Amino acid sequence: MSPLVIAFLVLAMLTCGSALSMLWTKNLLHAALAMFLTMLGLAGLYVLAYADVLAVAHLLVYVGGVLILILFGIMLTNQTDPATGKNHLMTRESGRLLPFSIGLSFFLGLFWLFTKGPWINNLPVTGDSKLKEVGLGLLTEYAFPFELAGVFLLIALIGATFVAKNHD
Amino acid sequence: MTDIPVIYFLWVSAFLFATGISILLVKKNTIFVLMGIELILNAANLNLVAFSKNDPSLQGLYLSIFVLVVGVCEMAIALAIILQVYRNYRAIEVDQFKSEY
């Protein structure tokens, strides 16, 4: 086995294991930490797929932005029971069997589909860092979607602050 | 050095997608449901990246960058809506939102 495949296996186990622990845990903060580990593993997988630009952007956005947002959301919606002083971070759940079987059947179906597909094998490999191509492409061929994404971000952030403010 | 086959990435992304679907169905907390949606988005992103590994014009990579931007926007708006819902109902469990009308 080549060292690349071993690195892939380690990262895939990190990603899948922490995703499973996200599913398994009842504590919202533990789930946020498990999501951090999942995002780290995913960034490693992106590097192994020669998408290092996306890996760095992914780390910046998810670990620096989305996770902080989620932690703030958890803190702001934290309910403390006045009688006992404990908070209700635990999610109440019921009926595990049906959702788990639906998830398992989704996985098995996708696994079967991907394994059967004739369109994924024997493609030529262009293995290299794509930093220069992505930078050039974002400013020439994909310049309009790039600017549109910027305007979209601005609209979303203004909308988020407007929605979250106290309207009383 | 041998290259990693595309199918390995597809298996990992299938696993992430199934986990996200299960989180959506099992959990009642709205923030938890959002995390499941993020997992599903990232599974799709991993697929795009894995296919653009063998594509000289890198279309999947560009699309996955824009998917990242849209995912962030969705997260910000959804958390703002969750805050507003919490202000009205004093709860963020999805089975406790009852209409008063």
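What follows is a chat about a predicted model with chains A and B.

Trainee: Where do I start with chain B, and how many helices and strands does its secondary structure come to?

Mentor: Keeping in mind that this is a predicted model, the secondary structure of chain B comes to 3 helices and 0 strands, and from the N terminus on its elements run α-α-α.

Trainee: What radius of gyration does chain B have, against that of a compact globule of 101 residues?

Mentor: Chain B has a radius of gyration of 17 Å, whereas a compact globule of 101 residues would have one near 13 Å. Taken along the principal axes, the box filled by the C-alpha atoms of chain B is roughly 60 × 25 × 20 Å.

Trainee: And how many of its residues count as buried?

Mentor: In chain B, 55% of the 101 residues count as buried. As for contacts in chain B between residues at least 6 apart in sequence, 46% of them join residues at least 24 apart.

Trainee: Switching to chain A, what pattern does it follow along the sequence?

Mentor: Chain A follows the pattern α-α-α-α-α-α when read along the sequence, with 6 helices and 0 strands. Buried residues make up 23% of the 168 residues in chain A, and among its contacts with a separation of 6 or more, residues 24 or more positions apart account for 56%.

Trainee: Which domains is chain A divided into?

Mentor: Chain A is divided into domain 1, which covers residues 1-80, and domain 2, which covers residues 130-168. The C-alpha centres of these two domains of chain A lie 23 Å apart.

Trainee: What about H1 of chain A and H1 of chain B, how do their axes cross?

Mentor: The axes of H1(A), residues 3-24, and H1(B), residues 6-26, come within 9 Å and cross at roughly 10°. Angles under 35 degrees count as roughly parallel, so H1(A) is roughly parallel to H1(B).

Trainee: Which residues make that contact?

Mentor: From H1(A) they include Phe8(A), Ala12(A), Cys16(A) and Leu23(A), and from H1(B) they include Tyr8(B), Val12(B), Phe15(B) and Ile23(B). Thr15(A), Thr19(B) and Ser22(B) are also among the residues of this contact, and the residues of the contact of H1(A) with H1(B) divide into 13 nonpolar, 3 polar and no charged.

Trainee: What does Glu38(B) touch, leaving out residues up to four places away in sequence?

Mentor: Not counting residues up to four places away in sequence, Glu38(B) touches Val66(A), along with Gly71(B) and Met75(B). Glu38(B) and Glu74(B) are 36 residues apart in sequence, and their C-alpha atoms are 9.4 Å apart in space.

How values were computed: Residues are numbered from 1 along each chain as its sequence is written. Chains are lettered from A and ligands numbered from 1 in the order in which they are written. This is a predicted model: local features need pLDDT of at least 70, side-chain atom pairs count only at pLDDT 80 or more; totals for chains, interfaces and linings use all residues. Axes are lines fitted to C-alpha atoms, for helices over the stretch in contact, and angles run from 0 to 180 degrees between N-to-C directions. Helices (H or I, at least four residues) and strands (E, at least two) are DSSP runs, numbered from the N terminus. Angles under 35 degrees count as roughly parallel, over 145 as roughly antiparallel, 65 to 115 as roughly perpendicular and the rest as oblique. Two residues are in contact if their C-beta atoms, placed from the backbone, lie within 7 Å. Ala, Val, Leu, Ile, Met, Phe, Trp, Tyr, Cys and Pro count as nonpolar, Asp, Glu, Lys and Arg as charged, and the others, Gly among them, as polar. Domain bounds come from an automatic or database domain assignment. The radius of gyration is taken over C-alpha atoms; the globule rule is 2.2 Å times the number of residues to the power 0.38. A residue is buried if 20 or more other C-beta atoms lie within 10 Å of its own, exposed if 12 or fewer, and partly exposed in between; C-beta atoms are placed from the backbone.
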